[in-house]
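The sequence and structure come first.

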Amino acid sequence: MLRLFWRQAYLAITDFDFYASVFQQPFRQTALFLLYISAFLALALTLIYASFYGPRVERFFDWAAENFPPIEVVAGELHVLADQPVVAKYQDDSTWTFVFDTTGTYSDPSGLEEPVLLFTQEKLYVQVQGQTLQTYLWEDFGEFSVTPENLGEYETFIVWAYFPVAYSILLIYNILAKSLQALILSPIAYSVAVSYGVRLPLADSVTIALYSLVPAIVIDLAITMSGIDISYFDLIYLAIAGLYTFLASQRCALAH
């Protein structure tokens, strides 16, 4: 079955006659193709993001081990085992400010260089561009401690937890996103077929549109791998898929 998936993906890019052979297939086969391509994309993106952000995570934990004070949360309160306030700035794509203060000197993130994470006695604040995005109560996290010595354990947990969590999220996201994109493009298939005097059922229109996404998906994946940021690529993506849907629908209508 996997071999069939790769063959269909290849033909969806290279041969418009292929569409005429599959657009009337049972919809469960179309759904299975959706599942396969979503699973492939989830795996590829999980690995790509790991290669991009893995070294960043490692650098951050190395930096944190040298710059963060030992902390512990007991009975819903943060205790910082160092003179306070502690202000540390981490430089990546932007400068992140980390402030540890249980003395009340900083009761909220106002006035601190953003983006900022403020660790107070009862709460953790995350503020970006003047807006407090999240506020967390320490009592919701239970009791724990973080020291330079055990930071490596947290890093290991994050690395191992990343793969199943990221893959699951990306799998669900791609199933939903590609389904929605195929539905958005399906009126093109229906309209083209009608212009040739053929009325396609919704399932056939969606099948044509789904397979027509493959060229755009491959280009999108290649750009993601390269790390290049292209403005308005979402529109380019839909334009490529729309063009394939149009041309594939013509071939299907003629073959009907």
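E113 is partly exposed because its relative accessibility is 41%, where buried means under 20% relative accessible area, exposed over 50%, and partly exposed in between (1.4 Å probe, protein chains only). This is a predicted model, in which local features need pLDDT of at least 70 and side-chain atom pairs count only at pLDDT 80 or more, while totals for chains, interfaces and linings use all residues. Residues are numbered from 1 along each chain as its sequence is written, and side-chain values use heavy atoms, with hydrogens and water left out.

**Salt bridges**

- The structure holds three salt bridges, each a side-chain nitrogen of Lys or Arg within 4 Å of a carboxyl oxygen of Asp or Glu.
- E113 pairs with K89, and their closest N and O atoms are 2.8 Å apart. E113 sits in the loop between β4 and β5 and K89 in strand β3, so the bridge ties together parts 24 residues apart in sequence. Helices (H or I, at least four residues) and strands (E, at least two) are DSSP runs, numbered from the N terminus.
- K89 is partly exposed because its relative accessible area is 43%.
- R251 forms a salt bridge with D17, with 2.8 Å between the closest N and O atoms. This pair links distant parts of the chain, R251 in helix α6 and D17 in helix α2 (residues 17-22), 234 residues apart.
- R251 has a relative accessible area of 33% and so is partly exposed; D17, at 45%, is also partly exposed.
- R56 forms a salt bridge with D92, the closest N and O atoms lying 3.8 Å apart. R56 is in helix α3 and D92 in the loop between β3 (86-91) and β4, which places the partners 36 residues apart.

**Pockets**

- The largest pocket has about 720 Å³ of space. On a 1 Å grid over the protein atoms alone, a pocket is an open set of points with protein on both sides within 12 Å along at least five of seven lines, whereas a cavity is a set where a 1.4 Å probe fits but cannot get out; lining residues have an atom within 4 Å of a point. Grid points are joined across faces, edges and corners, and a volume is the space filled by probe spheres set on the points.
- F60, F68, L117, F119 and L124 lie nearest the centre of the largest pocket, among its 24 lining residues.
- This lining divides into 23 nonpolar, no polar and one charged residue. Ala, Val, Leu, Ile, Met, Phe, Trp, Tyr, Cys and Pro count as nonpolar, Asp, Glu, Lys and Arg as charged, and the others, Gly among them, as polar.
- The second largest pocket has about 600 Å³ of space, and α4 gives the most to its lining, with six residues.
- By class, the second largest pocket is lined by 16 nonpolar, four polar and four charged residues.

**Cavity**

- There is one cavity of 30 Å³ or more, and about 70 Å³ of space lies in the largest cavity.
- α3 supplies the largest share of the cavity lining, four residues.

**Nonpolar patch**

- L43, L47, V159, W160 and F163 make a nonpolar surface patch of about 520 Å². Patch residues have over 30% relative accessible area and no salt bridge, with like charges joined within 9 Å and nonpolar side chains (Val, Leu, Ile, Met, Phe, Trp, Tyr) within 5 Å. Accessible areas come from the Shrake-Rupley method with a 1.4 Å probe; for residues, only the protein chains shown count as cover.
- L43 is found in helix α3.
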